[in-house]
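Biologist: Could you show me the model, and may I keep asking how you know each thing?

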Amino acid sequence: MNMTYGGLNLHNTELNITAGAPSQVIKHGLPQVAFSGRSNVGKSSLVNSLLGRKKLARVSSEPGKTITINYYNVDKKLFLVDLPGYGFARRPKEDARRWQLLTQSYFEQNESIKLVLQLVDCKVGFTADDKAMLEYLNYYDVPYLVVATKCDKLNKTELSAQAQKITTFEGLKPNTGIILYSSEKGLGRDDLWGMILQSLK
Ligand SMILES: Nc1nc2c(ncn2[C@@H]2O[C@H](COP(=O)(O)OP(=O)(O)OP(=O)(O)O)[C@@H](O)[C@H]2O)c(=O)[nH]1
Ligand SMILES: [Mg+2]
């Protein structure tokens, strides 16, 4: 597995900061690439896959209980930012409120954000919650691209049909890029690192 991309030494990575309150959100310093998506879509697995680590980011068997922003410091040059998942219909209203406050704080006047990876489960496609998130990203005018996760779950024919559906979703900004990914298989890893490095230039 490749552990060096564009001069970044992926062996030199650590969970650096966890923010649970708006006051702890980082808006300066290292460039940031953020991972956004509903709970269980595969954000933490994607962080681990990109970093070539098994257990750096906690992968939940149960959709995320903790509403925190986790910052992974990559070779002291970049933060990968695991944002809290959304779409928790059966959780207390208070959780939605906390998510809202923390997420809003993250995107507000944050010039460190270089790229947002908007994750979507390739099998499920975009949900109503995802649509609301995309409106948010469009509103804050942050650069984003779509990462279709868990692509190992579909065969070739199904995957190309789903990719077509995802690419043409009306909530996306025109010409939004999409990457087909599987954290299980490492599919898409080199391509996604290429896009991440591109966004840092
Ligand atoms: N088959 C397959 N399963 C995956 C893949 N990526 C993640 N999963 C599974 O999906 C579940 C959720 O993964 P997480 O990475 O914890 O998802 P998350 O988006 O971080 O979830 P929250 O932290 O709750 O917001 C886990 O059971 C993973 O093993 C993938 O590429 N392929
Ligand atoms: Mg997670």
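Modeller: Gladly! This is a predicted model.

Biologist: Which residues of α5 are buried?

Modeller: They are Arg189, Leu192 and Ile196. The word asks for 20 or more other C-beta atoms within 10 Å.

Biologist: What do the buried residues of α5 pack against?

Modeller: They pack against β4, α1, β7, β8 and β9.

Biologist: How does the reach of α5 compare with the span expected?

Modeller: α5 (residues 189-200) has 12 residues and reaches 17 Å from its first C-alpha to its last. At 1.5 Å a residue, 16 Å is expected, and the value is close to that.

Biologist: Now the sheet. In what order do its strands stand?

Modeller: This open sheet of 7 strands runs β3-β5-β6-β4-β7-β8-β9, with mixed pairing.

Biologist: Why are β3 and β9 said to stand at the edges?

Modeller: β3 (13-19) and β9 each have a single partner strand, so one side of each is left without a neighbour in the sheet.

Biologist: What makes β7 and β8 a pair?

Modeller: Two strands pair if there are at least two bridges between them. β7 (residues 113-121) and β8 are joined by 6 bridges, so they qualify, and they run parallel. The chain passes from β7 through helix α3 (residues 128-140) to β8 in a right-handed β-α-β crossover.

Biologist: And what makes β8 and β9 a pair?

Modeller: They share 3 bridges, which meets the rule of at least two, so they pair as well. These strands also run parallel, and Val147 stands opposite Ile179 in β9. Here the chain crosses from β8 through helix α4 (residues 156-167) to β9, again right-handed.

Biologist: How many residues of β8 are buried?

Modeller: In β8 (residues 144-149), 5 of its 6 residues are buried, so the strand is mostly covered.

Definitions and conventions: Residues are numbered from 1 along each chain as its sequence is written. Chains are lettered from A and ligands numbered from 1 in the order in which they are written. This is a predicted model: local features need pLDDT of at least 70, side-chain atom pairs count only at pLDDT 80 or more; totals for chains, interfaces and linings use all residues. A residue is buried if 20 or more other C-beta atoms lie within 10 Å of its own, exposed if 12 or fewer, and partly exposed in between; C-beta atoms are placed from the backbone. Helices (H or I, at least four residues) and strands (E, at least two) are DSSP runs, numbered from the N terminus. A crossover is right-handed if, with the strands pointing away from the viewer, the path from the first strand over the helix to the second runs clockwise. The expected span of a helix is 1.5 Å times one less than its number of residues. Two residues are in contact if their C-beta atoms, placed from the backbone, lie within 7 Å.
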